[in-house]
Amino acid sequence: MKTHAVVIVSAMGLVLSGCPIVGGTKYTVGGTVTGMRGTGLVLQINGSDALSFTANASFVFGDRLANDAAYSVTVETQPSNPAQTCTVHNGSGTIDKTSISNVVVSCTQTGRFAYVANRQSNTVSAYAIDPSGALIPLAGSPFAANGTAPTALTVDPNGQFLYVANSGSSTVSVFSIDAATGVLTAAGFSTATATGPNAVTVDPANHFLYVANLTSNNVSAYAIDNGGLTPVAGSPFNAGAEPASLAIDPNGNFLYATNFTGNSVSVFLVDQASGILRSISGAPFAAGTGPLSIAIDPTNAFAFVANEGENSISAYSLNASTGALTALSGSPFATGTNPESLVIDPAGRYVFAANVDAANQVATYSITPSTGALTLVSTTTAHALPISVAIDPSGQFLYAVNFSSNDVSAYTLDPSGALIPVTGSPFAAGIQPHAIAID
């Protein structure tokens, strides 16, 4: 017979009712729910002890488990109104003399808003995403970036804050996102980074923010508190030569940084309690010439790196336990001219590469599930110098930021992997748009 512990989430926090401890040392299993906008999410552990959620929250199951007991956290009911898909990470394993607190449940739906960092005009363009995929400028857009040369940006997993890395002023600006309109409001003062921030990302549990500092060869780390940023002890952490991009594995255990002139990938173990970074054994791992972007597939099995300097994509198997990268057979795979940015669709079927310079195209590569090998499916024309690509959380639309033509190309993703231009594309942006983030 199933037992149930009910979670009620309110402004006052999380209330749990569950089973008492009966004899011996027993351990709890818990984690964090992020990105939830609907209602009705129900989680289970080992097919029982259901927890119900009405908002994002930290959680602990009421059932306690003995040492060496297996655990498996699953979604019993997905949220509705709006409909969402919630995915469990770090959700299964065996108790080893400690409680589990790093389960991450990430909820997504069709993208609502898009934000573009414009380097030359020091602004952020903001758009609503129409059901057709078209970009509709929001009231008040573009917004001042509150820093110079905004180069990269990211939305937190809950869709509440936008973080903008300003390369010229070596700062991170923070904006709150109006949940109904997408309009941006500056949230306090900008936070100092090391020099030349070029990439920014937030861990899946929404606890920490990381910034790759291209000029100072390191990674800044910050604890997040309602959008506010506090430097993590020991930050910044040394990386390779010119860290240019960042990615965190879906479980939130490892941070990856491509080193542009170091021709390598640094890998750090993330301390999920403190945010401190520690280089893993064997890192950095060799890449091609000029690695400028990294993407990790949603199954956490493969990683792909765009090597701008040699027109290729390096492909690796990813060890989910250690974070280590192992080059795949046939890697690197040839691409069009100077690939600058990569993105993978939410189903893990395709890698999309923005090929700049002479090509000015977005290329689609299918991922062989068993081996990770890449096969070219199609190429689609973009405008001048597509420097960054992003895909909406539902996998319906792909967007390419065109640095030299000051606009954004929008495409519908066909099941075959082909990209079909959205009516009205491209859509105007600011001067020298450099990066895009989807909420």
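**Briefing: buried residues, strand pairing and ring pairs**

Phe352 counts as buried, because its relative accessibility is 0% and the cut-off for a buried residue is under 20% relative accessible area. The model described here is a predicted one, and every value below was computed from it. The structure holds 1 disulfide, and the count of aromatic pairs comes to 4.

**Aromatic rings**

- A pair of aromatic rings is described by two quantities, namely the distance of the centres and the angle of the planes.
- Among the 4 aromatic pairs is that of Phe53 and Phe59, which is edge-to-face, with 5.6 Å from centre to centre and 80° between the planes.

**The disulfide**

- A disulfide is a covalent bond that joins the sulfur atoms of two cysteines.
- In this structure the disulfide is formed by Cys86 and Cys107, whose sulfur atoms are 2.1 Å apart.
- The torsion about the S-S bond of Cys86 and Cys107 is about 105°, and the disulfide is therefore right-handed.
- Because Cys86 belongs to strand β10 (residues 85-89) and Cys107 to strand β12 (residues 100-108), the pair ties together parts that lie 21 residues apart in sequence.
- Cys86 and Cys107 are both buried.

**An open sheet of 4 strands**

- Strands β6, β5, β9 and β11 make up an open sheet, in the order β6-β5-β9-β11 and with antiparallel pairing.
- At the edges of this sheet stand β6 (48-53) and β11 (92-94), and each has a single partner strand, so one side of each is left without a neighbour in the sheet.
- On average, and with direction ignored, neighbouring strands of this sheet are turned by 25° against each other.
- Within the sheet, β5 (residues 41-45) pairs with β9 (residues 70-77) in the antiparallel sense, over 4 bridges.
- Where these two strands run side by side, Val42 stands opposite Thr77 in β9.

**A hairpin**

- Strand β24 (residues 218-225) pairs with strand β25 (residues 228-231), again in the antiparallel sense and over 4 bridges.
- Ile224 has Leu229 of β25 as its bridge partner.
- The hairpin of β24 and β25 has 2 residues between the strands, and Asn226 takes a positive phi near 50° there.

**A buried loop residue**

- Glu308 is found in the loop that runs between β33 (302-307) and β34 (312-318).
- Is Glu308 buried or exposed? Its relative accessible area is 16%, so Glu308 counts as buried, given that the cut-off lies at 20%.
- If neighbours within four places in sequence are left aside, Glu308 is in contact with Phe260, Thr289, Gly290, Leu292, Asn338, Pro339 and Glu340.
- Glu308 and Ala373 are 65 residues apart along the chain, and their C-alpha atoms are separated by 19 Å.

Definitions and conventions:
Residues are numbered from 1 along each chain as its sequence is written. This is a predicted model: local features need pLDDT of at least 70, side-chain atom pairs count only at pLDDT 80 or more; totals for chains, interfaces and linings use all residues. Side-chain values use heavy atoms; hydrogens and water are left out. Two strands pair if DSSP finds at least two bridges between them. Axes are lines fitted to C-alpha atoms, for helices over the stretch in contact, and angles run from 0 to 180 degrees between N-to-C directions. Buried means under 20% relative accessible area, exposed over 50%, partly exposed in between (1.4 Å probe, protein chains only). Contact means heavy atoms within 4.5 Å. A disulfide is a pair of cysteine sulfur atoms within 2.5 Å. Rings of Phe, Tyr and Trp (its six-membered ring) pair if their centres lie within 6.5 Å; planes under 30 degrees apart count as stacked, over 60 as edge-to-face and the rest as tilted.
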